[in-house]
Amino acid sequence: MLSLIGVAVVVVGFVLRINPLLVVTVAGLATGLASGLGPLAVVAAFGKAFITSRYVAIVWLVLPVIGLLEHAGLKERARAVVAGIGAATTSRVLLIYFVVRQITAALGLTSLGGHAQMVRPLIAPMAEGAAENRYGELPSKVRLWIRANAAAVDNVALFFGEDIFIAIGSILLIKGFLDQNGIHVEPAQLAIWAIPTAISALIIHCTRLLLMERRLRRDVAAGRDSG
Amino acid sequence: MMAGVAVVNWRDRSNRRRFNNTAFWGIYAITFLVGTYLPDVVNGFLVIGMVLVASIRGLGQSDRESSSREHREASAARWGNKLFIPALAIPIVTVLGTLMFKRVSIAGMPLVDVKQVTVISLAIATLVALAIGMAMLRPPASAPITEARRLLDAVGWAAVLPQMLAALGALFAVAGVGNVISDLAQRWIPLDHPAAVVTTYAIGMALFTMIMGNAFAAFPVMTAGIGLPLIVQKFGGDPTIMAAIGMLSGFCGTLMTPMAANFNIVPTALLELPDENAVIKVQIPTALLLLGANVLLMNLLVFRR
């Protein structure tokens, strides 16, 4: 029971909006101590876990290139391209990205996207550009909301596309775990049964994207009235 | 190879103007440079030091813009669509790399560790894109580093959060947090009706994923605690369908938790959103609807035999 203290620390910390780094560190140390490790052993375990998780930081490697291109006007160009297409709306830009991202993820091409590589330099400026094109200058609240939506599209499409590909981490984990428990399943079967959920995700999120345009119109108008 | 790339990047980026930033990125650079050679305890204290620097005085951000909007627009007009070439080179080269490395092997041994394929491909793709960008734009040699610094400062401490959370997950695993939670669930929830069990399993996956920040950590615990003994053995459900939809129910949880920092918190930093939870807020309706869909699907499909 005592080892749940870390979970409690995390929940309280996030609710009170204390710096998450501090929250996570305290939660980690508390969990370790509660499970009966000595103070030094806890610090060592934390350090070890941190070092072995270094691969997570790989995504920051793309920052120099993206920064360089942004300096040369990449975002502005992405906006201008969208502005040149009369039929482009924020909904449609995000819809197309959603479908492409989900299908490519289902084919195992999960690296064909991502927040640092695609969303920040290309997709978000395009979605914003399409909205500016239609409604003129955007209130900053609306602008931020569009960006959050661009990030969400990347997540949803990735999560519910990748499981259709048989060699993805989650499928391998399921197979490995069931094998250990004496149940043998085919990865292809697992992938097939991920399809109903993938289709549900497509329907649900794309419907929300279509409805987005209406809210966008309303919010832009409201933002203007209030100042 | 990968480490070399990381080292050069991180060391250069750690040239900070302000003391706090220097300390923070400097320590981070050390964990990359020599972290593997240091004793675990030293690494642990380095991490704690880093957290203290970030949380007590906070990190600063340079308010000097590296370029004006007019400058960028002029540059955008000058280069036109060519600007997309290096940007699109990153995903394309990464994908080509993943496909290629899986085929290439020397004397029966894969050239690259299978688990590292994507990571290494991304690193190579980044270098290719950087080379194209440098050749095309001909900026001063220091430009990539100053630009990276600008972006990294905007991201701030959130850059380290995914790694911290991965470390926390490992500690949770060591302490057996998962088993405690599944014991609790079994004791408190009436599990004598198939529909109740299936619903508990799917929603439990989502909730547990929200706590752990990762569906992979939740899956073994929930499946061993509820899925296999009850759904499969007691009620004769199909393990394949249960596992596939169960994992996806966990992903619904991933959409709703700040613990999944690399998906939910890092983008808000990258996109310069003042509200850390902005992306989560947009995702919650989809996540809840989809979780409902998963519960329905699993109820309909899992007992089909």
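Trainee: Why does A:Ala27 count as buried?

Mentor: Buried means under 20% relative accessible area, exposed over 50%, and partly exposed in between, with a 1.4 Å probe and protein chains only. A:Ala27 counts as buried because its relative accessibility is 0%.

Trainee: What are the conventions here?

Mentor: This is a predicted model, where local features need pLDDT of at least 70 and side-chain atom pairs count only at pLDDT 80 or more, while totals for chains, interfaces and linings use all residues. Residues are numbered from 1 along each chain as its sequence is written, chains are lettered from A and ligands numbered from 1 in the order in which they are written, and side-chain values use heavy atoms, with hydrogens and water left out.

Trainee: Which residue of chain B is in contact with A:Ala27?

Mentor: A:Ala27 belongs to helix H2 (residues 20-34) of chain A; helices are DSSP runs of H or I with at least four residues, strands are E runs of at least two, and both are numbered from the N terminus. Contact means heavy atoms within 4.5 Å. With neighbours within four places in sequence left aside, A:Ala27 touches A:Gly6, A:Val9, A:Val10 and, from chain B, B:Leu168.

Trainee: What separates the C-alpha atoms of A:Ala27 and A:Ile5?

Mentor: A:Ala27 and A:Ile5 are 22 residues apart along the chain. Their C-alpha atoms are separated by 7.4 Å.

Trainee: Is A:Val11 buried, partly exposed or exposed?

Mentor: A:Val11 sits in helix H1 (residues 5-15) of chain A. Its relative accessibility is 46%, so A:Val11 counts as partly exposed.

Trainee: How much area is buried between chain A and chain B?

Mentor: In terms of contacts, 99 residues of chain A meet 130 residues of chain B. Buried area is the accessible area (1.4 Å probe) that two parts lose on being put together, summed over both. Carbon and sulfur atoms give 80% of the area between chain A and chain B, and the total is about 10300 Å².

Trainee: Which three residues supply more than any other three of the area that chain A buries against chain B?

Mentor: Their share is 8% of the area that chain A buries against chain B. The three are A:Phe50, A:Trp60 and A:Trp193.

Trainee: Which side chains meet in a salt bridge?

Mentor: A salt bridge is a side-chain nitrogen of Lys or Arg within 4 Å of a carboxyl oxygen of Asp or Glu. The rule finds 1 across the interface of chain A and chain B. At 2.8 Å, N to O, the pair is A:Arg120 and B:Glu272.
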